[in-house]
Amino acid sequence: MTDSSTNMRLKLPLICFILEIILIILFGVLVQYDHDTDARDFHNKSHHDYENDFYYRYPSFQDVHVMIFIGFGFLMTFLQRYGFSSVGFNFLIAAFALQWATLMQGFFHGMHGGKIHIGVESMINADFCTGSVLISFGAVLGKTSPVQLLVMALFEVTLFAVNEFILLSLLGTRDAGGSMTIHTFGAYFGLMVTRILYRPNLDKSKHKNCSVYHSDLFAMIGTIYLWMFWPSFNSAVTAHGDDQHRTALNTYYSLAACTLSTYAMSALTAHDGKLDMVHIQNAALAGGVAAGTAGEMMLTPFGSMIVGFLAGIISVLGYKYLSPVLEDKLKIQDTCGVHNLHGMPGVLGAVVGAVTASLATREVYGGGLDDVFPLVAEGKREASLQGGIQALSLAVTLGIALLGGLIVGFILKLPVFGAPPDTICFEDSIYWEVSSPPLVFLSLWGPSIDSHSCLAPNPDPYPNPNPHHNKA
Amino acid sequence: MTDSSTNMRLKLPLICFILEIILIILFGVLVQYDHDTDARDFHNKSHHDYENDFYYRYPSFQDVHVMIFIGFGFLMTFLQRYGFSSVGFNFLIAAFALQWATLMQGFFHGMHGGKIHIGVESMINADFCTGSVLISFGAVLGKTSPVQLLVMALFEVTLFAVNEFILLSLLGTRDAGGSMTIHTFGAYFGLMVTRILYRPNLDKSKHKNCSVYHSDLFAMIGTIYLWMFWPSFNSAVTAHGDDQHRTALNTYYSLAACTLSTYAMSALTAHDGKLDMVHIQNAALAGGVAAGTAGEMMLTPFGSMIVGFLAGIISVLGYKYLSPVLEDKLKIQDTCGVHNLHGMPGVLGAVVGAVTASLATREVYGGGLDDVFPLVAEGKREASLQGGIQALSLAVTLGIALLGGLIVGFILKLPVFGAPPDTICFEDSIYWEVSSPPLVFLSLWGPSIDSHSCLAPNPDPYPNPNPHHNKA
Amino acid sequence: MTDSSTNMRLKLPLICFILEIILIILFGVLVQYDHDTDARDFHNKSHHDYENDFYYRYPSFQDVHVMIFIGFGFLMTFLQRYGFSSVGFNFLIAAFALQWATLMQGFFHGMHGGKIHIGVESMINADFCTGSVLISFGAVLGKTSPVQLLVMALFEVTLFAVNEFILLSLLGTRDAGGSMTIHTFGAYFGLMVTRILYRPNLDKSKHKNCSVYHSDLFAMIGTIYLWMFWPSFNSAVTAHGDDQHRTALNTYYSLAACTLSTYAMSALTAHDGKLDMVHIQNAALAGGVAAGTAGEMMLTPFGSMIVGFLAGIISVLGYKYLSPVLEDKLKIQDTCGVHNLHGMPGVLGAVVGAVTASLATREVYGGGLDDVFPLVAEGKREASLQGGIQALSLAVTLGIALLGGLIVGFILKLPVFGAPPDTICFEDSIYWEVSSPPLVFLSLWGPSIDSHSCLAPNPDPYPNPNPHHNKA
């Protein structure tokens, strides 16, 4: 089953060792503890222990960490035979990306006297950047080797840091929860990569591109953790005090409203009035994505719920009607449907953020205007201009993501990286020692079997190519 | 398998959209950020960021959130073919209930100048109220449509808020962890609902009302999360400082003692000296329920352990001996045995709280008496009277729960809500697109098969109706 | 399948009840709330609520709690038919051990006026001690009865507290994350126990000492939680402020580097260039173990990454080459390979700690030297001596662990404790009511089956004894 090109015995160790050794050297040369982390610095000035940024952000950091490693990792285990790779490659590329992101983000906006200063906030930002890479991973899930994924992460992290620098540092854009920098960027980058890596014969693996009963339950672990901790995600790097508080609350209500519209749309559009696990697992999260930019603003619970409500509708409609078009017409094979979960809701979030920003007034924000819109508060910029710049930032993000994905897609086509053949996509055993063959499913309650089954009632090795989780 | 009455294509979208739109409108009219969440308000006065309530309560909130969505959701996945519904309906009704609870609780005790003020504490309280609905869900698990569940949640949240208002605001009852308001209320409400929804022919689905090996492991995810985070649950809304600290500690030791008595009783009572997963999954949690009222009091670790120890014993005995009687004699079909996990331990917790309150003295509590028993501290009430009112509150709770469950049960009987027929209870495929039929189990190690198997050794579609998880 | 000796009907209840009643009595006599937990004490002095230790440590405590109950519990579910026992016995012995540890640790270093004072820090320490017992459990996994495990916990907790007292109190050793006190101690204690309990005929159960597809996914839940929360583990009891911050950060980077070296080594050494789940599940965590001692020191991210990088390499090599030797030559049947995950990385962590300590200077640590090396800061000890004492502490730990394991191993050999026979090891059904026999696996994609399968392609009750997870 493994031919020499997909054999990882030398390729994977080589790239892992080279990358890690480079990382270690660069960390040795460039990286220092920040003021709240360094023993001497923190004790140098008089302040209280509870003022250390650790206590403001570490609980949120751990929630974000769970989203990155459990949330993304298990969300992708829905495929019947790709659980090891979903969790395992997620683990590998995240562990690499967070180190590389520390350097890239530090290089662009964390330098102090020639050194990159790190602490809990840089750890959160590194996790955020990693999240963007994992979104792109979702688009190419099942069709790439771990070496390809590491190469993709290497470039994507770099471009992420560039885009983030342009938005946050040059343009003064607000995007605390990353509707643009994380979700829009990760989604369109990944969509372009998967477009370049288009496989016309992917239907040879179509019987594996679907879920089984227990794999959908494992995926729900990912979904629920992402859903629960999204308030922490959006609020993790907002300003201390009311800002973190408000962002968490806005996201909480956006997600709750999104869940109801997702269930409604799923029953309305899916086969025979039944709920579709694909929608529940994914679209219910769109409310978190869409609250990523405006979450820290005075969006109000009312506004948050409207945003979440719309995000859920858009996302389900995307899974149902748009994804098949994207695959058939545009040749975009988007395994996890990241366009529906991160792409469109990310754009929605950017637009909502632009509108909300343009409406900001001193009357509404009071002294808090300095936290949320410092340039407006300082009189350097009108709120309407801030709104315009937010909208411009979306365009910049889309441009960098698509162009970057184009280039990186072509790089990943190099045969040396060991991509799987069309016949063995969505299959763990090509890169993992797998302890058992797939389960056999037999029909016990005959009439209950629907046509979306991954495995047909009779134990056919290549069942009905009409898989449940095929979004195209 | 789906006839028109259970088809959700119109019913579910209709109720979801109507409910969510009403919620959004009411939030728009009534709801405002509270002082610690609003940008202008928080910056209006001089205080430090670390004094924002967010930092006192948000970590506990997230633990509670995990209990509601992962804990309750996965605890109910023990059924072999009801995992999608357990996690998925839990998700849906919780997302609705927390929004509705924000309004109902706010209406009764969060109004400021005609507006409901919300922040992290109201988010915790909304999750608490949601927990009560999920307890009731456990009683009717497998026998209700999602529309019925949303209707139940609509009414139960309202009654919960009424009962909570009577106890906490009118009577001055202390119940920080909700032994009465959450557990007793949710359990007896749900038991009455399931009584009214009694299905004489439920044994037609009995072969599905049982667990399989992996479904029991998924359920253990729920159990362990509930167990670990119960200290956060009980302490989430207690007063800042020693109160939160003490409540968490008391609950921790109550749960630890409960676990040992649960294992002891399970081996003592179960078949052939073997441990029964039903007991471990449920009874080991009774110590958290029973510490819900007295947890914030000076119960001492010693007292907490005694309470937990007894709760575990009572709970296992309930599963073993009382549940069959409730089903046979009182026609109460309690799928998850919520009477044993939430009902009796909740009553025990209320009694322990009443006794502990009646023993409160200024000598023991010092200045902390103002936090725990403000009415006693202010001299408005003797400790013994406080104890009496705690006991009265239990009676009030039982009354409202039983009467409310009676009425709501009859409402839920309306055929329009699409309840499943007796032959297709405990089955995901009636409301979900299911990707594969049930697994087939064959005997590999013949002698190891016990008579409680969900599926008999030979792959019989309707196996031995002697299920493992049937508590009746 | 159960003969009288392994029947737990009387043995398990008896030991649980006796232990719990003794615990309750001792708690009643000896244990008190500490200053930050007691209502009167905390209100006696003037300080702010946010200065309560609860807010510094409770989020970390909950992360540690998740590691103990979900992390360890699910990490051990990799065995195909031992999931109930892995999670369930983990749950039981942890619930006992944390109570007993409270007393033993309190007796040795928490006495105030004849009473043991407890609060969030003692809760963390109790969880730490419990972790050590669970490491030893990993060595004997599948081969012991729950009664044996409780007896082991009883003695191991006691010896842990003795060793901890010698190190932390008498020698002034620094070991915040427990490379020595927790990991080295737990691993070598467990290895000695499993050596004494050597079963020459264990190969009769060898067909069960392996994983299946879904059991490996459940195990990844444990792995990922351990990995994510290890920064909280190592920082949970370090000093407030920069110390907690720095320790978390160091551990984060150590783990990230370890993950890359683990994947590299796994592909390099495993069959056919494929990744081995055993390595990913375990060796990727070695970076957390190895940062346990030096994590709070000024190790720098650079140093942390080197340590993690080496730990991953050592750990994979141990699984691949050393474990078989330990089993064949030294008769150490180490089910989970704790020597590779906790033993060697723990020793590495101790050595790194000794070296880092010996290099400590006032110049680097500034005022923080008082936190990290109080004896050096006070001038009572040179840094080089501190380093020497750290090294000595490793020797002391190894000595106590090995001697303790020897004695406890012989105690556990008493037949009265109901150990399973050689033919029914690694099997839940001996101590649990199991609802279904094992799954049958049939070959659907013939060529993908590798020779490490737990179950051979044809449903053979006693398949190829060449299991995936057999580390020996």
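Helices (H or I, at least four residues) and strands (E, at least two) are DSSP runs, numbered from the N terminus. The model is predicted, so local features need pLDDT of at least 70 and side-chain atom pairs pLDDT 80 or more, while totals for chains, interfaces and linings use all residues. Residues are numbered from 1 along each chain as its sequence is written, chains are lettered from A in the order written, and side-chain values use heavy atoms, without hydrogens and water.

Select helix α17 (residues 383-412) of chain A, which holds Leu403(A). Leu403(A) counts as exposed because its relative accessibility is 52% (exposed means over 50%, buried under 20%, partly exposed in between; 1.4 Å probe, protein chains only).

Next, go to chain B and select strand β3 (residues 115-118): Ile116(B) and Ile118(B) make up its covered face, Lys115(B) and His117(B) the uncovered one. In a regular strand the side chains alternate between the two faces of the sheet. Strand β1 (residues 31-33) of chain B runs parallel to β3(B), joined by three bridges (strands pair if DSSP finds at least two bridges between them). Tyr33(B) has Ile118(B) as its bridge partner. Strand β2 (residues 111-112) of chain B pairs with β3(B) in the antiparallel sense over two bridges, with Met111(B) opposite Ile116(B). Two residues lie between the strands of this hairpin, where Gly113(B) takes a positive phi near 60°.

Finally, select Tyr225(C). Leaving aside neighbours within four places in sequence, its contacts (heavy atoms within 4.5 Å) include Tyr225(A), Tyr225(B), Val66(A) and Met67(C).
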